Structures are given as C-alpha cells and as structure tokens.
Amino acid sequence: MQLNSKVYQMGKDAILVVGAAGQIGSELVMALREKHGAKKVIASDIREAGVEVMKSGPFEILDILNKQQLEKTVEKYRISEVFQLAALLSATAEENPMFAWELNMNGLFHTLELAREKKIDKLFWPSSIAIFGATTPKENTPQTAVMEPQTVYGISKQAGERWCAWYHQKYGIDVRSLRYPGLISYKSLPGGGTTDYAVDIFHSALKDKAYACFLNADTTLPMMYMSDAVRATLELMETPAEQIKIRSSYNISGMSFNPSQIAREIQNHYPKFSIQYHPDFRQEIAAGWPQSINDTQARQDWGWKAQYDLPAMVADMFKNLSANK
Ligand code: NAD
Ligand code: AKB
C-alpha cells in the first residue's frame, strides 16, 4: 500500500528526507523509519523512489528548488528535521555546471532559510571529499587543510560548508554535515559521481565477469560502505549539540583502495573476473582528490569509527547482490 497522500496527526517531530530516491536517500530513509517509525519519516524527491521506500511510508514529489512547495510540505507533516541530499554529483556537475551550481547551492539555502525562519529545528546536509583539490595533502588529509577544489561540484560543496558554518555562527542554526567519501552500496546505483566505478564493478563482475574501468589502475580514493555512511549520519544527528565542534563538515574515513586493488579482491570471489582501464574525464577529477582521510576530529567529538574494510565490504556486496539476483 502506498501512503504518499495521507496526512498523519503528529507533533512537530517528523523528519523530511529530500533526494530520497537516490543512492544515499533510499537507504537513509529506511534506517530512519526503522528508528523513528515509518509514519514519522517523509521521503521526497522529484521522482518516485524504489519500491521499498514507496511502500514503507509517506512519500511526496518535491522539488527542492521550489521553496513554497518545500514550506508547504514542512507545514503539512509538521517537520522538525530535514536531511537535504538533492544535488548533482561530480561527473554530472562538470557536464552541466550552471544548473549544478543552482541546485547544489539553492537546495541548501532553501533549507538553511527554513531553519533561520524557525520552521525547522535541525538540518543535515552532506559535503564531500571533493572539497579538497590538487594542493591539499593527499595522504591522511586533515580536517583543516588547503582547499582548492577543481570541480564545480567541489566548489559548490566547499561554498556550502562555509554557508553552514556562517548560518550556525550568525543565527545558531543546528546544521550538521559529513564529508562523505565515495559510497558503495548494493541497494541502488550511484547517481553520476567519479567514485561510481566502485559500485559498477560489482554489477559487471556478476553479469559479464569483466569490467572496463573509467579510472586508471592506481587511482587511490577514500571510500566507505553505505551501512557505515548511514550509521555515521544517524550518530552525528543524535549527538548532543554542544559536542558538535565542527559546523562546516566533518572528515570521516572508511577505507582507501584503487581499481586494481578492488579488482584483486573481487578475483578472490570470482577468479575469472578481469578488468581493463579506459580512463575518461573522470580520471582528472579523481587525480585532484585525496587518497586517504584523517577523521580524528569526528572520532573525538562524537565517537565515529568505521566498521567495514575492503575485504569485508566486497564480501557483503556479493552476499547481498547474489541474494537479490
Ligand atoms: P543521487 O544522485 O543518487 O541522489 C540524489 C537525488 O536527488 C536523486 O534521487 C534525484 O532525483 C534527487 N534530486 C535531484 N534534483 C532534485 C530536486 N530539484 N529536488 C528534489 N530532489 C532532487 O546522490 P547520492 O549519491 O544519494 O548523494 C546524496 C548527497 O550526498 C548529495 O548531496 C551528494 O553530493 C552527497 N555525497 C554523495 C556521495 C556518494 O558517494 N554517493 C559522496 C559524497 C557526498
Ligand atoms: C562523487 O564521486 O561525485 C561522489 C563524491 C565523492 O562526492 N561520490
């Protein structure tokens, strides 16, 4: 049964997820519904989400660029907390820079403004390792470092971080953020990033036993398994406000690997799997990003610790992808 048109009677304690049909949103919605109850978590997107999200609780078609529509939804469901995930990711943003800037910035402004107008109490907005650039130290990249992002996506995320910090400093807005690394998941496909190869490779391994990678063999990037990323998001949002020392965005680390290392790990499960390298424009984007991330501040402030390394992630991906075939 689809519950999207039903208005629930509730106190002002509901949660709105914007961009709920995407790679993160579709899993975050389910984790939030598990925790708070399905009726309290309103999924929204400009397109319908997958069956699991659509069938398990309320869903609204919502364009984050339409502030009025956003306000109406917040009022209708008595929303107190928003997770604003809608954005164009690094590869897609390079192909449509002006629209990427509009979506990535105005999506954030519309929700920050809702908080300033006291229409919501709390906001989560994700940043990315893309805020770093070629002049940033690549290994064990610190929380605070030189940041000269070379992509439209990275520029928008860096600017977004500064706006989050400014709204907190100026108006006391309770906005929280994580610099996600590349995320790997089996439930939905990624939506136009540079780290997408690390998800595509599993589907190709199962289907064709071969993969043509758009990055070079030795391009090491920070990555994280989705269950760690969702847990990090929930843990950050549940931390008492006084413990949150960083109001721009927290570095978080999961694992680091390059295409040849993940290919070798896949061969431990499927010895006939082969990989070829045909780098495209995404190679240049990846070359400007860090290789590993220092997340000391997140560990200190709210006890962050990743659970999945490369072998554990690969084993869990195959377990779930094979079960869902
Ligand atoms: P995604 O592309 O899979 O999902 C984004 C969702 O936003 C899509 O379902 C899309 O339909 C929706 N959307 C687009 N325009 C919209 C609009 N105008 N109004 C409402 N919804 C709209 O992206 P994702 O991977 O789930 O990423 C979510 C957020 O996390 C983004 O801000 C992204 O920058 C950030 N992030 C993701 C990763 C990653 O590896 N997936 C890493 C770092 C940061
Ligand atoms: C992308 O590749 O664009 C994202 C990210 C690291 O922000 N996965």
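Analyst: This is a predicted model, in which local features need pLDDT of at least 70, side-chain atom pairs count only at pLDDT 80 or more, and totals for chains, interfaces and linings use all residues. Residues are numbered from 1 along each chain as its sequence is written, and side-chain values use heavy atoms, with hydrogens and water left out.

User: What surrounds Ser44?

Analyst: Contact means heavy atoms within 4.5 Å. Not counting residues up to four places away in sequence, Ser44 touches Leu16, Val17, Val18, Gly19, Ala20, Phe59, Glu60 and Leu62. Ser44 itself lies in strand β2, residues 41-45; strands are DSSP runs of E with at least two residues, and helices are runs of H or I with at least four, numbered from the N terminus.

User: Why is Ser44 called buried?

Analyst: Buried means under 20% relative accessible area, exposed over 50%, and partly exposed in between (1.4 Å probe, protein chains only). Ser44 has 0% relative accessibility and therefore counts as buried.

User: Why is Asn140 called partly exposed, and why Lys209?

Analyst: The relative accessible area of Asn140 is 44%, so Asn140 is partly exposed. Lys209, at 37%, therefore counts as partly exposed. Asn140 lies in the loop between β6 (127-128) and α6 (152-171), and Lys209 in the loop between α7 and β10. Phi is positive at Asn140, near 55 degrees, and at Lys209, about 60 degrees, although Lys209 is not a glycine.

User: What makes α1 oblique to α8?

Analyst: Helix α1 (residues 25-36) and helix α8 (residues 226-238) pack at an angle of about 50 degrees, with their axes 10 Å apart. Because of this angle, α1 is oblique to α8: angles under 35 degrees count as roughly parallel, over 145 as roughly antiparallel, 65 to 115 as roughly perpendicular and the rest as oblique. Axes are lines fitted to C-alpha atoms, for helices over the stretch in contact, and angles run from 0 to 180 degrees between N-to-C directions. The contact is made by Glu27, Leu28, Ala31, Leu32 and Lys35 of α1 and Met226, Val230, Thr233, Leu234 and Glu238 of α8.

User: Which residues of helix α9 are buried, and what do they pack against?

Analyst: In α9 (residues 259-269), the buried residues are Pro259, Ser260, Ile262, Ala263, Glu265 and Ile266. They pack against α7 (197-207), β10 (210-213), β13 (255-257), β14 (274-277) and α12 (310-323).

Key. Chains are lettered from A and ligands numbered from 1 in the order in which they are written.
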